[in-house]
Amino acid sequence: MQRAQRNSLRLLQWMMAASLALPVALFVIAASISYGSTRDIADREIERTLDVAHEHALKVFETIDRSLAELNEVVRGLSDDTIRAREPALHRRLKRLTDALPQLKSAWIFDADGKALVNSLVSPPPELSFADRDYFYAHVDQAIGTFIGAALTPRPPYQGARFFGVSRRRDSDDGRFIGVIQASVLPEYFESFYARLGSDPGIFFAMGRTDGAMLTHVPRLDRDVRLDPSGPVGREIAARPEHGLITIAWPSDGIERRIGYRRVAEYPIYVSAGLETSAIRARWLATIGQHLVFGLPATALLFLLLALALRRTQQIQAEAAKRREAEEALKHSQRLEALGQLTGGVAHDFNNLLTVIRASVDLLNRPQLTEERRQRYITAIADAVARAAKLTSQLLAFARRQTLKPEVFDVGERMQSLRDMLAPLLGPAIEIAMRLPTEPCLVRADAGQFETALINMATNARDAMQGKGRITFKVEPTTTVPDTLTGQNLGSQNLGSQNLGSQSSANHGFVSVTVSDTGIGIPAARLGRIFEPFFTTKQVGHGTGLGLSQVFGFARQSGGEVTVTSDVGHGSTFSLYLPRVPPELLPQRQAPNTAPAVAGNGMSVLVVEDNIELANFAADGLTELGYSITLVDNATDALAELVLDADRFDVVFSDVVMPGMTGLDLAQAICDRGIDVPVVLTTGYSQALSQEGAAGFDLVQKPYSIEELSRVLHRAARIRRVRDGAAE
C-alpha cells in the first residue's frame with residue numbers, strides 16, 4: 001500500500017514536470033512551423049505583388065518607347081527650321097500625347113545644341129540649352145537606343161514635380177547626330193500606383209536603374225539615393241541578374257526587409273517589392289499570440305491543479321478508494337433509479353392506456369352491444385387518447401431542449417402518413433378527402449412543426465363545421481403564389497413576405513397545401529385578424545387563439561406564406577405555401593466511401609483558404625499525393641493568379657466562407673471571365689449554401705479527408721481534360 005502511495009506521488013511529480021515541459025516543447029515546434037509558414041506566405045505575397053509591379057513598369061516603358069518612336073518618325077527628315085515653322089502644330093501633338101499618358105509630365109524635341117525646338121508645356125519654347133542633362137548628352141557620341149535618366153529637378157522657368165527622362169537619338173539620313181526626342185516621366189505616378197497596390201504595414205516598393213540610381217521609392221525618401229553596385233544589394237543582383245528574393249538591410253534607411261526584384265525586359269531598370277521583416281514577425285507573433293491566449297491559462301491551470309493534487313494526495317489516499325467506491329455505487333444507483341423511473345413510468349402509463357383502448361375496441365366489436373355500453377367504451381377510448389396525448393406532450397417538451405432543425409421531406413408522403421391520425425382527431429362525422437400529386441413535392445422545413453400546422457388547420461376546419469362535413473386536403477406544386485395573396489386585407493399580418501423572393505422559390509417554385517372545409521365561413525370583418533395571436537371566435541374554454549398563429553409563424557419562418565379565402569355559409573380554404581427544393585437535396589443513405597486516394601501526378605491545384613492551418617493541412621496532404629499546390633488566402637489574389645496565367649492550373653479548390661469575396665463569388669467570377677478552370681468548393685456550414693445552392697460546382701463538406709478531396713479534384717480535372725480533348 002505504501003509503495004503504491006509513493007508511486008502515485010512520484011507520478012504526480014512527473015506529471016507536474018510534463019505539464020510544463022510538454023507544452024513548452026510543443027509550442028516551440030509549433031512556433032517554428034508557424035514562422036516558416038508565415039514567411040512562405042509573405043514570400044508568395046511579395047512574388048505576386050512583384051509580378052504586378054513588373055508588368056505595370058514594362059507596359060509603361062513600352063508605351064513611352066513607342067510614343068518616342070512615333071514622334072521620331074513624324075520629324076524624320078525635317079530640318080530644324082522646318083520643325084520651328086511647324087512648332088504650333090507639333091506642340092499641340094505633344095500636348096495631346098502627355099494629356100493621354102498620366103505617367104508623362106512633358107515631351108520635348110531638341111536640336112543638336114540641346115535647345116528645345118518643341119515641347120508640350122509652352123509654345124514657343126524659351127531659348128534655353130539642356131545640353132548638360134543626362135538624357136541629352138548620353139546620345140551625342142553614340143547610338144544607344146532608349147536611354148533612361150536619373151531623377152531630376154525642373155529647370156527654371158519650368159516648375160513642378162521631379163522627373164526622369166526617357167529619350168531617343170535623332171539621326172540624319174547619313175547617321176549624324178541632329179538632336180534628341182525626350183519624355184519627362186513622373187516618379188510620383190509609379191509611387192501612386194504602388195500605394196494602391198499595397199498598404200500593409202512594412203510594405204516596400206522601389207524602381208531603379210542598373211547602375212544603382214533610384215527612380216522611385218516607397219516609403220518616399222527626402223533625398224536622392226544611389227545604391228553601390230559593389231554593395232550588398234549590388235552583389236546579390238550580380239549573382240542573379242534577372243530576378244531573385246533576398247533578405248537584406250536596405251542601404252537607404254538601414255531597415256531589414258524581405259525583398260523581391262526583377263529586371264524589366266531589355267530596359268536597364270529593376271523593380272522590387274518587399275516587406276519589412278519586422279512586419280513578417282508581427283504576423284507570426286499575432287498567430288502565436290492566439291495560441292498563447294488559450295495555451296498559457298490552460299497550462300497554468302493544469303499545473304496548479306496538479307500541485308493541489310500532489311499536496312492533498314497524502315491526506316486523502318487512505319480514504320480515497322473507499323470514497324470512490326461509495327460515490328460510484330451511489331451514482332450508479334441514481335442513474336439506474338432515474339432510468340427505471342422514466343422507462344417504467346412511461347411503459348406503465350402507455351400499457352395502461354393501450355390496455356383500455358384494446359379492451360374497449362374488443363368490446364365494441366361484440367354483437368348486440370347496447371347503446372349505453374357502446375358509449376361508455378367510446379368514452380373510455382377518448383379519455384385514454386387524451387391522457388396519451390398529454391403524456392406525449394410532456395415527453396416532447398422534454399425532448400425539445402435540443403434545437404429542432406429543418407429537414408427535406410416529401411409533403412405528399414407526409415400527408416398520407418398523417419391521414420390515419422387525422423381521422424380519429426376530426427371525428428367520424430367528418431369526411432376526409434385527399435388529393436395528392438404523383439410527383440415528389442419536396443420542401444425544407446421542420447417536419448414536426450409542419451404536422452402541427454396541418455393539425456391546427458384541420459382542427460380549425462372541424463370546429464367551423466361543428467364536427468360534421470367534408471374537409472379536403474390538396475397538395476400540388478405551383479410556380480407562383482396566387483394574386484389573392486396580396487388581395488387580402490390582413491392588417492399588420494400583410495402576407496406579402498420578403499421571403500417569397502428566396503433563391504429556392506425563385507428557382508423551383510412552391511408546394512401548395514390547401515385545407516378546404518364546408519363550414520360556416522369567416523366574415524370579411526374578421527378575415528384580417530384570424531392569424532393574430534390569441535384572437536379567436538370560439539367560446540371561452542374552447543380555444544386559445546394560438547393555432548392559426550402557429551401556422552402563420554411556421555410559414556414565415558420557413559420562407560413561405562399562408563393565405564385564406566372564405567365564403568360565408570359555404571366554407572373556407574387555407575393555403576400553406578412552402579418553398580420547393582430540387583429532388584437531389586433529399587438525403588439518401590449512402591454506404592461509406594472507402595475508395596483510396598488518387599495520386600496527383602503533377603496536377604496543379606490553386607488552393608484558396610483563409611484559415612492558415614487548414615490551408616497548410618490541405619496543401620501538405622495533396623503535395624504528398626503528388627499534386628502541385630499554389631496557396632493563396634483570399635479570393636481576390638486567387639482571381640489575380642488566374643487572370644495572370646490560368647493555363648498553369650488544372651483545378652481551383654476554394655473555401656466558401658471568406659472575408660470579402662466569397663468562394664461562390666470567386667467561382668462565378670471565373671465563369672463570367674471565361675476562365676476554363678474547374679472549381680471545387682468546400683464549406684463547414686451545412687446550411688451555408690441553402691439559399692443559393694452550389695450553382696453547379698462540386699462541393700466538399702468540411703471536415704473532409706485528403707482521400708475524398710483527391711478524388712473530387714481528380715474527377716473535376718479529368719472532366720476538364722476530357723472536355724479539352726486531352727488524353728487521360
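Close-up 1. In H17 (residues 663–672), the buried residues are Gly663, Leu664, Leu666, Ala667, Ala669 and Ile670. Buried here means under 20% relative accessible area, exposed means over 50%, and partly exposed is in between (1.4 Å probe, protein chains only). Helices (H or I, at least four residues) and strands (E, at least two) are DSSP runs, numbered from the N terminus. The buried residues of H17 pack against strand S18 (604–608), helix H16 (635–644), strand S20 (651–655) and strand S21 (679–683), with contact taken as heavy atoms within 4.5 Å. After H17 comes Gly674, with a positive phi near 75°.

This is a predicted model, so to speak of local features we need pLDDT of at least 70, and side-chain atom pairs count only at pLDDT 80 or more, while totals for chains, interfaces and linings use all residues. Residues are numbered from 1 along each chain as its sequence is written, and side-chain values use heavy atoms, leaving out hydrogens and water.

**Close-up 2. The five-stranded sheet.** Here's an open sheet with strand order S7-S6-S10-S9-S8 and antiparallel pairing; two strands pair if DSSP finds at least two bridges between them. Strands S7 (214–218) and S8 (243–249) sit at the edges with a single partner strand each, so one side of each has no neighbour in the sheet. From one strand to the next, the twist averages 20°. S8 and strand S9 (residues 256–263) run antiparallel and are joined by seven bridges, and His243 stands opposite Arg262 in S9.

**Close-up 3. Two helices on that sheet.** Helix H5 (residues 187–197) packs on the sheet, touching strand S6 (203–209), S7 and strand S10 (269–276), and its direction makes about 30° with that of S7. Helix H6 (residues 232–239) touches S8, S9 and S10, at about 160° to the direction of S8. Axes are lines fitted to C-alpha atoms, for helices over the stretch in contact, and angles run from 0 to 180 degrees between N-to-C directions.

**Close-up 4. The largest nonpolar core.** A nonpolar core is a set of buried Ala, Val, Leu, Ile, Met, Phe, Trp, Tyr and Cys residues joined through side-chain atoms within 4.5 Å. The largest one has 40 residues, and Val411, Met415, Phe450, Leu454, Phe473, Val513 and Leu576 touch the most other members. Helix H10 (residues 447–464) gives the largest share, seven residues. Leaving aside neighbours within four places in sequence, Leu576 has contacts that include Phe450, Leu454, Met457, Val513 and Phe554.
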